[in-house]
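Please work through the exercises below with the sequence and the model at hand. Each task is followed by a solution in steps.

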Amino acid sequence: MTSLDDDRKRGVALGLMPAEPRQGGYGPVTTRPWSQEDYEHPAAGWGAALSVGEVLLESKRPVSGALAMFTMNHPIKGFDCPGCAWPDDQKGLKLDICENGMKHVTWEMTHKRVGSGFFSQHTVTELAQWTDFELENAGRLTEPMVYDPETDRYAPISWDDAFALIGEELRALDSPDEATFYTSGRLSNEASFLYQLMIREYGTNNMPDCSNMCHEASGRALTASIGSGKGTTTVEDWEQTDALFLLGVNAASNAPRMLTALSDAVKNGAQVVHVNPLIEAASTRTIVPHDFVDMALFKTHETGTLDLQVRIGGDMALMRGIAKVVFEAAETDPNALDTAFIDRHTQGIEEYRAVVAATPWSEIVQQSGLTEEQIRAAGAIYLKADKTIISWCLGVSQQEHAVDMVREFMNVLLLRGNIGRPGAGPAPVRGHSNVQGNRTCGINHHSPAALLDRLDAVCGITSPREPGLDTVASIHRMHEGAVKVFVSLGGNFVLAAPDTTYTAEALSQCSLTVQVSTKLNRSHLVHGAKALILPCLGRTERDEQAGGLQGQTVEDAMSMVHLSVGKKKPASEHLLSEPDIIARMARATMPDSATPWESYVGDYGRIRDVMAQVLPGFEGFNELITHPNGFRIPQPARERDFRTASGKADFSTPALHDVRPASEDMLVLQTMRSHDQWNTTIYSSSDRYRGVKNLRELIFMNAADMRERGIEQGDLVDIVSTSKDGSERELREYRAVAYDTPRGSAAGYMPEMNVLVGNADYSAQSDQPLMKSIHVRVTRSSDRQVTPRPRSRRG
């Protein structure tokens, strides 16, 4: 077993944790007592408004922060929220904002600064004692820094010298494949396109990105089913639908502006079914903050009509049950199936019908964790609806069999022709603001040959054709010493990735690590032999280049592309934009490159002119973004043009998977964000919507599961995970908190619990880390002893 004691020695040496444990961990240190109680208030509303007010006051930006509310998510003249990827309002809403977006923006607009003076006062070893909250709360990075091993400090370096160091290290490698280039979802379309152009001209496809950890499974499943890796719906479809199935989504925290769409759907008469092991605040009711009358009158609106608490991983079984209901109905009702659509546009219906018929109700009930009556009720909703949307997020995509799950969603939609018409279709909920745009613009370790052919023809380069390394493969190759240079544009890689200690060891094997960031984070302290911190402009800030004030574009979760223009004075005169950093890095690495890097940076419109020639749907890019709401990238599947090998939408036929743990004494644990958190950025140690105050080191458990283990509310417990390779990992002295979740299912916060995900724990279908499917044993810390031999459940 890799125990906490063993890991602490390695973690301290790597800068992952303080030498002495203390309360606070990844969040802010607090000495206030913890508590947890049921949250019984509507989502958003006054709770969100008060929280935003507190953040504005604490950031000492009450005026500029408040003014930002009137420019965030406004077309043409405003900047895009750097938070989630939910589409912007299309109707001229003046305050298209949410609590998390404002937290994100004020966190970026802080008055605090981190420059050479800060680093001269703190060694890296000392900073490793800080919590991650304290690191980011130190303020905005203001100048390029290089690690000095003699002093164990970061020291200032000129931009020219920083790029020269990168160029020297990359040119010295025996092969371009000895470098890997990570991308966060915050990168713009223009920067993403330049980044992949630089990487491919350099000679590798090693482009791990945050999609590899979030929605890779969704893209693979959708591509196999309908020939496109994206959803097909628009916000207007959500307004017109009759039924909306929302699986593995916590909208109130992950995409709060979705609450408006949910409440509107219910008001319009739609059935909104929330499928989640935990009943979240978003599934009950809300007060929409930008509706001032409702706020004044405390008027709430329902955001759901049915909650189905599946066991973790039980979503596929639920959908198989709905399909069974549809096929049963079709025996007497010819309208249950859309036979005209199926005959003309699909392939494999009879094979799928046979698989569904062969799946007994007993297995569906067992694997879903629901009763047959509950599933039949969901099936009746689906049958009654003329138009249905199925939407999902990481609660689905970070599962072992997520590709099969999403394909099952598509099977159900295809049965009744719920694609390619208003009010219907698949809708994956992307988490970060431009994660979908990154992939559209070429950030892909296995891009289609057609895209590479166009890139080469337009840009005059020769792209490598061999697939590159994704996130998991990059970590393994760095750990082996086969990848020697790691470049990260945004994000906090060491905390976002699985198996925190293993990932940190991998980064420490590198000859050079480069972090392009706005704020200090843990990944800056876990570094290679040489290390650079390169500070960049934030999305709220003015980007002045030779051609004047520049704007950059982003793509939302529903394929709308629009312009984002920062207006705030940069935090430092030394900051560079991400396109500028990429271009200078490219020139330093490939001094003889014929690519006009400097020209691209002078006017981003020139980048867009090239993108218009390379990327399908971007023709006339510079003109399209002058439209008030931007433009929507054409989606062939929305027009029932299925770009699969068969030319039709394909049914899939996998059997149901056993999602239960291997033995009765184990639970299946999912990691998740708290409400007061965005990815690895933690704003406080509280979680309003789950009623938690001043605590992050916890595990939510079913009360009966706690009693069975002799655990009472608030007891300190040890959590031991078992990986695919048989290795074990441990977290000690976490608080057990009773919560409304199915028997056998548990939950806790990332990034703290990422350590429980082993380096072998990734899906064979998607290569995604299994953040939502961690098999654990939980015991009282006071009962710490040798774990008894498990009782076999599967036989």
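The model is predicted, so local features need pLDDT of at least 70, side-chain atom pairs count only at pLDDT 80 or more, and totals for chains, interfaces and linings use all residues. Residues are numbered from 1 along each chain as its sequence is written, and side-chain values use heavy atoms, with hydrogens and water left out.

**Exercise 1.** State how many helices and strands the protein has, and what share of its residues is buried.

Solution. Helices (H or I, at least four residues) and strands (E, at least two) are DSSP runs, numbered from the N terminus. On that basis the protein has 32 helices and 33 strands. Next, a residue is buried under 20% relative accessible area, exposed over 50% and partly exposed in between (1.4 Å probe, protein chains only). Of the 795 residues, 65% are buried.

**Exercise 2.** Compare the span of helix α8 with the expected value, and name its buried residues.

Solution. The expected span is 1.5 Å times one less than the number of residues. Helix α8 covers residues 159–172, which is 14 residues, and its first and last C-alpha atoms lie 20 Å apart, close to the 20 Å expected. Its buried residues are Trp159, Ala162, Phe163, Leu165, Ile166, Gly167, Glu169 and Leu170.

**Exercise 3.** Describe how helix α9 packs with helix α30.

Solution. Axes are lines fitted to C-alpha atoms, for helices over the stretch in contact, and angles run from 0 to 180 degrees between N-to-C directions. Helix α9 (residues 189–202) and helix α30 (residues 604–614) pack at about 70 degrees, with axes 10 Å apart. Angles of 65 to 115 degrees count as roughly perpendicular, and α9 and α30 are therefore roughly perpendicular to each other. Contact means heavy atoms within 4.5 Å; here Asn189, Glu190, Phe193 and Leu194 of α9 meet Ile607, Arg608, Val610, Met611 and Val614 of α30.

**Exercise 4.** Describe the pairing of helix α15 with helix α17.

Solution. Helix α15 (residues 315–330) packs with helix α17 (residues 349–358) at about 105 degrees, with axes 10 Å apart. That makes the two helices roughly perpendicular. From α15, Arg320, Ala323, Lys324 and Phe327 meet residues of α17, including Ile349, Tyr352 and Arg353.

**Exercise 5.** Determine whether Asp237 is buried or exposed, and list its contacts beyond four places in sequence.

Solution. Asp237 lies in helix α11 (residues 235–240). Its relative accessible area is 2%, so Asp237 is buried. Leaving aside neighbours within four places in sequence, Asp237 is in contact with Thr232, Ile389, Arg421, Pro422, Gly423, Ala424 and Arg638.

How values were computed
Parallel < 35°, antiparallel > 145°, perpendicular 65-115°, else oblique.
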